[in-house]
Amino acid sequence: MLSKLTKNKCAKILAGFMVFMFAMTVISRGAASMTVAQVAAIHPGTRSLETIVTGEGTMEQQTENGFWTLAGLVLEKVYVQKGQKLRKGDVLAKVQAKSLEEKIQTLQKEIRGLELQSEEAQDTIRRNRQEKRETIKSQKKQNREQYQQKKQELTAAVETASTEYDNAKETAQTEKLQAARAVEDAAKPVEVDGTLAAGRLELAQKQKKLDRLKEQKQKGSEGENTEDDISALEDEIASLQLQLQTQEQTLQQKRADQKETLKRARDDYRRTVSENRRKVKKAKASLKKARNKLAECHPEKGTEAEREIKTEINYTKEQNDLQIREKQKMLRQLQELAGAGGAVRADQDGVVTAVHVKSGDVTNESAVLLYAGNGEKLQFTSLMEKREAKKLSVGDEVTLKTAEKKIRGLTISSIEEQLQSDGTEKRKVTVQVPQGKCRIGQVAEMTVRKESGPYDVTIPLTALHTEQGKNYVYVIRSVKTVLGKQKTASRVDVTVLKRNGSFAAISEDNLSQEDQVITEATRIIRAGDRVRLQEG
């Protein structure tokens, strides 16, 4: 046993060791805390998200009017420019007199040429119609002859088919009766030969006589020839039995032959009836078909050429008449223009928005200029990036800000795709502006505020990370270690429902309001890293 002194010494050593271990634990935890990332964390909250979309643009007319003049005219002078105000009757340009006169003469020649073409086309149609009438007459005669010949052929075919049908029925009836008589004859019983019946009677008599002689012999009253008589009689009986047996076999063979003959006769009867029924049916169908063809045979009511004459249209004349009317209208306009000294005048008040020609140009099918009439409504247009325009919808409320004022309560009227010259896609956003609020060409900024939600799980954008197209956050989890419970960062992939410039709405399938989501850290962290919450 240990002495008391030894025990005290051991106790002091153990106590010192425990104090040392505690001190080391405190020191290690302190050292670990100095290397662990400090983080700020929040619990996801409920809020609505507001998205603000802005875009710059200009004011322009909702509609522009085009001013056209006839093509092929040389403009001697253009008197207007973009932005110029117009009054009805103002001279826009002057057409060169020489080109105007040449255009008038050209149109007059074209009209006369078309009229001559129409007359020639009409003469051609009259000649064609006469030729077709002769053709029609010949065709009608040929059709009548073909109809009579065809009708005769079909009538003969009906008569032939009718005769064949009657013959088939008659043959069927005759062969049926013949087959029935054959069955009847085969069914008659086989007659028994008279000699067989006489032989049977004779055998019975001889047997009776033999029995009587044998009885006499047994009684002892036999004569001196009784034994010989019995022997002779037995021989006669045996011979007679052999004859009768042969006759019986012959009779049975006759009956078997008669049964087989009856079977064949019945089979022949059924086959004859069936075959003749098929022949009669076929002959009847042929007769019906021949009658139908005869009933469908009709003379032709008209010929193709006759129908063409009734529906024939002089398309050349119609087309030429249409062109003549159009050219005559152009001729009247040119003559009116010549009467005005070649002056092209505005047909209403307005403002020139584009001029497409200059002095010396030759007019074409395009508008000479574009202008907006007085009192035209304005519209704001902004060319936006595709990703920004996707946030907008037709009908969204808009606020426009110009250098002088703000216009509220407007709405987006249209969003259209526009392909730029460099191949990029943009969106043209249009907002209708009330009359008198702005002026043409004025620059303005559009602001659209859109609120969505509320969402139950929202987090600051500082908490949201993206890697290889996947969104994720870090949440704080408590895990057991050798040093006790420790807080670690755990990665959670999330689905973003909506976001704005500050917050993101997350699907409730990924996070809940109970989770602690890391928003900031003193250093870059990874999944599984130990963390500690910032104090204060």
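Two rings of Phe, Tyr or Trp (its six-membered ring) pair up if their centres lie within 6.5 Å, and planes over 60 degrees apart make the pair edge-to-face. Keep in mind that this is a predicted model. By that rule, the structure has one aromatic pair.

**Stop 1: the ring pair.** Select Tyr472 and Tyr474. Their ring centres are 5.6 Å apart and the planes meet at 80 degrees, so this pair is edge-to-face. Are these two tyrosines buried or exposed? Tyr472 is buried, at 9% relative accessible area, and Tyr474 is buried too, at 6%.

**Stop 2: charges over rings.** The charged end of Arg491 sits over the Tyr472 ring, 3.9 Å from its centre. Now jump to Phe503 and show Arg47 with it: Arg47 lies over the face of Phe503, at 3.9 Å from the ring centre.

Stop 3: Switch to cartoon and pick residues 75-78, 91-95 and 343-345, which are strands E4, E6 and E7. These three strands form an open sheet in the order E4-E6-E7, with antiparallel pairing. E4 and E7 are at the edges with a single partner strand each, so one side of each has no neighbour in the sheet. From one strand to the next, the twist averages 25 degrees. Zoom in on E6 and E7: they run antiparallel and are joined by three bridges. Which residue of E7 is the bridge partner of Lys94? That would be Ala343.

**Stop 4: helix H6.** Select residues 315-339. Next, colour the buried residues of H6: Asn320, Ile324, Lys327, Leu331, Leu334 and Leu337. An α-helix has 3.6 residues a turn, so residues three or four places apart point the same way. Step just past the end of H6 and you reach Gly341, with a positive phi of about 75 degrees.

**Last stop: zoom out.** Show the whole chain. Its secondary structure comes to seven helices and 21 strands. Of the 536 residues, 28% are buried. Among contacts between residues at least 6 apart in sequence, 75% join residues at least 24 apart.

Note on methods:
Residues are numbered from 1 along each chain as its sequence is written. This is a predicted model: local features need pLDDT of at least 70, side-chain atom pairs count only at pLDDT 80 or more; totals for chains, interfaces and linings use all residues. Side-chain values use heavy atoms; hydrogens and water are left out. Two strands pair if DSSP finds at least two bridges between them. Helices (H or I, at least four residues) and strands (E, at least two) are DSSP runs, numbered from the N terminus. Axes are lines fitted to C-alpha atoms, for helices over the stretch in contact, and angles run from 0 to 180 degrees between N-to-C directions. Rings of Phe, Tyr and Trp (its six-membered ring) pair if their centres lie within 6.5 Å; planes under 30 degrees apart count as stacked, over 60 as edge-to-face and the rest as tilted. Buried means under 20% relative accessible area, exposed over 50%, partly exposed in between (1.4 Å probe, protein chains only). A charge sits over a ring if NZ of Lys or CZ of Arg is within 6 Å of the ring centre and within 35 degrees of the ring normal. Contact means heavy atoms within 4.5 Å.
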